[in-house]
Amino acid sequence: MELLYVWIEDYYVLKDIGFNFSSKYEIKEEVDVDNRVIKLELHQRSDYVIDFFTRGILSVTAIVGENGVGKSTLLDFIRLINHHPDLIYTSWVAVYFNHKKQDIEIRGNLGPTLRKWTIKLDNNLIGKYTNLESSIYGSVEAGEYSIFTIFYNPSLDLKNYGKSFHDLRAGLVDVSTNFMIEKDWESKNTDDTSVDQILNHRYKNTYRQFALSQLKASTRYKLTIPSSIEVRFNRNRTVEKSDLSFSAKIVFEHLSELGRNNAQIINGEIENSLKGKDEESFIKASLMKVKNWFLVNLLENYNQQLTKWYDFQKNQFNQFINVSDFQNLSFFESLRLFFDKQDFIKSSKYSINQFVNDIFQIIDSKATLDISFGELINDSIFTIPIEDAIEVHKAHFKYLALFRSNSDDKNLGFLDLNWSRDVSNGEKAKFDLYSRLYDGYRDLQYKLLSKTLYLIIDEGELGFHPQWQKEYISSLINFSVEVFEGNQIQIILTSHSPFVLSDLPKSNVVLLNKKESGETFVDKLPSKEQTFAANIHELFADSFFMRNGTIGDFAKNKIEELIRIFELPKKDIDKINEADKSRIKKLILLIGEPIIRDRLMDMYKDKFRERQETLEERVNRLRKELKNAENQLKKPNDKN
């Protein structure tokens, strides 16, 4: 179901306005409000190229225009008509092309049932629809059309769209920053109220980016992927004694004390390695300290999960072990015995001890610490190569599954994975775009089977360097074809970048503008035969990106200041002192545009009677300078 066209009667700033989204067809509307008739004329574009974007991509449409003209509003409206048309309280008409049936379908909501509208679709290209009349009452359920949508917006604009803009059952997935921060917080890894919401979102974002990095072709989207992953374990809130039974308190406190004592022993080993300048022993003891605190916090995490689903006050649950069982055992041995005795998870093929073994094996064979000899370590972080991080991820997921099989609580995370080096803002923006689209696709994947997938992207190139903006459309198409393989993709996006326009034919650009009255309308692209492969500088200078030229306002004001000086009467020009003349001249010489600079310099010389050098005088001066240079070269030879 490819969206060809939509007409909107009144939706915020969009009033009585129609939009075309098809590469192949153009639809023009004629609305007769008094007689409640909408006549649509559909024509195939003469410049249409089959599979222009590549097979699988139905079309790519860019909505451009100044801020406030309704670009984002239009994207919101498209999501609603595709998935929740019952929430639209205005008249509208949408025309789709069903590629499976190879015919036109019309949807719409034209007011109350008693207010009958008639849609006339005059299609001169498909004979069976000539003079077709279709009456529409109310709206049509989105589920009938097998449309799926992933919406992405990188901005944190604090909008509250409500549940209607993320409805997995209706095939709509929101991966915008607004929604993901809220979603990530609802599924946070800890109940600790001191955990920062944005920090939690950052960790979750890294998980999504990490999942994307596992795609073999991810480098084809020109992603700069760090070579290693930083693994940290959450320090869960301390379990309150009142949450545990009496026997459980004794066991838990004993094991916690063992862990703290063991940490002191390891600290002693680290100090001895420093005194003996034994770097190998220092690294070994430092990794042992990481493993020790891993177990201490795993114990906290485990007991915290028990308190969520088990009522210790009503049931004398003793965790199947006594303190006496730990006699003569080390901390590591005691923890292994403790976890081995937890019968409530023994039905699983995986165990907590297996989780410990898996993580310890990776620490022993792959982990490094981001420290130099003698530095203090962060005892909750270690670094591993990216190709081994998938094993940590799998082990962590199996650990989570142990609790999920016994509880409805989903807030059970323990490990966090993050990039080992700081990723630039541009890299983060690119990672966010593709990792969230991929994450949204995985949510919908079980429903998608040769269906239409809409990618609705609001300024997805935000934060990109101009070089990445230039690659944006190409990489987005390559990503979509490969990752969403087997589905038909329609991409509708907003942008402020002229690079995006240079990758799209004129028919795939919707330019929104505002009249003096404030009314939004679809404008014609100014003075352009085509936007595709057009000169970037010309696109940037066009009025749909820049008004009043491409020079910054501060520079423009400086130039105007100079012009005002040169327009002063002679009596005022004569009052300008030499210091001010020097300042004016320096300002002119700073100007990078040669035509403007030279013209201003001519005005300067004319106003201040600075005589220009004649051609003959210039030649004589250069000859004199050349002779002086030759004499300088001869001096060393004369001494010999």
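Helix α13 passes helix α15 in a left-handed crossing. This is a predicted model. In it, α13 covers residues 553–566 and α15 covers residues 578–590. Their axes lie 11 Å apart, and the packing angle is about 135°. The two helices are therefore oblique to each other. From α13, the contact takes in Lys558, Glu561, Leu562, Ile565 and Phe566. From α15, Arg583, Ile584, Leu587 and Ile588 meet them. By class, the contact of α13 with α15 has six nonpolar residues, three charged and no polar.

## The chain as a whole

The chain has 640 residues, and 48% of them count as buried. Its secondary structure comes to 17 helices and 18 strands. How much of the contact in the chain comes from residues 24 or more positions apart? Such pairs account for 69% of the contacts with a separation of 6 or more.

## Helix α9 and its two partners

Helix α9 spans residues 425–444, and helix α10 spans residues 466–483. The axes of α9 and α10 come within 12 Å and cross at roughly 20°. Angles under 35 degrees count as roughly parallel, so α9 is roughly parallel to α10. The crossing of α9 and α10 is right-handed.

On the α9 side, the contact is made by Gly426, Glu427, Lys430, Leu433, Tyr434, Leu437, Tyr438 and Tyr441. On the α10 side, Trp468, Glu471, Tyr472, Ser475, Leu476, Phe479 and Val483 take part. The contact of α9 with α10 divides into ten nonpolar, two polar and three charged residues.

Helix α9 also packs with α2, at an angle of about 65° and with the axes 13 Å apart. The crossing of α2 and α9 is left-handed. Here Thr177, Met180 and Lys183 of α2 meet Arg436, Asp439 and Asp443 of α9. That contact has one nonpolar, one polar and four charged residues.

| Helix pair | Angle | Axes | Handedness |
|---|---|---|---|
| α13 and α15 | about 135° | 11 Å apart | left-handed |
| α9 and α10 | roughly 20° | within 12 Å | right-handed |
| α2 and α9 | about 65° | 13 Å apart | left-handed |

## Met180, in helix α2

Met180 lies in helix α2, residues 177–186. Is Met180 buried or exposed? Met180 has a relative accessible area of 0%, so it is buried. Leaving aside neighbours within four places in sequence, Met180 is in contact with Asp174, Val175, His201, Arg208, Arg436 and Asp439. Met180 and Asn205 are 25 residues apart in sequence, yet their C-alpha atoms are 8.7 Å apart in space.

## Ser334, in helix α6

Ser334 sits in helix α6, which runs over residues 331–340. Its relative accessibility is 0%, so Ser334 counts as buried. Which residues touch Ser334 from beyond four places in sequence? They are Leu255, Leu258, Phe326 and Leu329. Ser334 and Gly259 are 75 residues apart in sequence. In space, C-alpha to C-alpha, Ser334 and Gly259 are 9.8 Å apart.

Ser23 has its place in the loop between β2 (14–20) and β3 (25–32). Buried means under 20% relative accessible area. At 9% relative accessibility, Ser23 therefore counts as buried. The side chain of Ser23 makes a polar contact of 2.9 Å with the side chain of Asn508. Not counting residues up to four places away in sequence, Ser23 touches Glu2, Arg45, Tyr48, Phe53, Leu58, Ser59, Ser507 and Asn508.

Asn82 is in helix α1, residues 71–83. With 1% relative accessibility, Asn82 counts as buried. What joins the side chains of Asn82 and Tyr96? A polar contact of 2.6 Å does.

Terms used:
Residues are numbered from 1 along each chain as its sequence is written. This is a predicted model: local features need pLDDT of at least 70, side-chain atom pairs count only at pLDDT 80 or more; totals for chains, interfaces and linings use all residues. Side-chain values use heavy atoms; hydrogens and water are left out. Helices (H or I, at least four residues) and strands (E, at least two) are DSSP runs, numbered from the N terminus. Buried means under 20% relative accessible area, exposed over 50%, partly exposed in between (1.4 Å probe, protein chains only). A polar contact is a pair of N or O atoms within 3.5 Å; within protein, one must be able to donate a hydrogen and the other to accept it, and residues adjacent in sequence count only if both atoms are side-chain atoms. Contact means heavy atoms within 4.5 Å. Axes are lines fitted to C-alpha atoms, for helices over the stretch in contact, and angles run from 0 to 180 degrees between N-to-C directions. Angles under 35 degrees count as roughly parallel, over 145 as roughly antiparallel, 65 to 115 as roughly perpendicular and the rest as oblique. A crossing is left-handed if the near helix is turned anticlockwise from the far one by less than a right angle, and right-handed if clockwise. Ala, Val, Leu, Ile, Met, Phe, Trp, Tyr, Cys and Pro count as nonpolar, Asp, Glu, Lys and Arg as charged, and the others, Gly among them, as polar.
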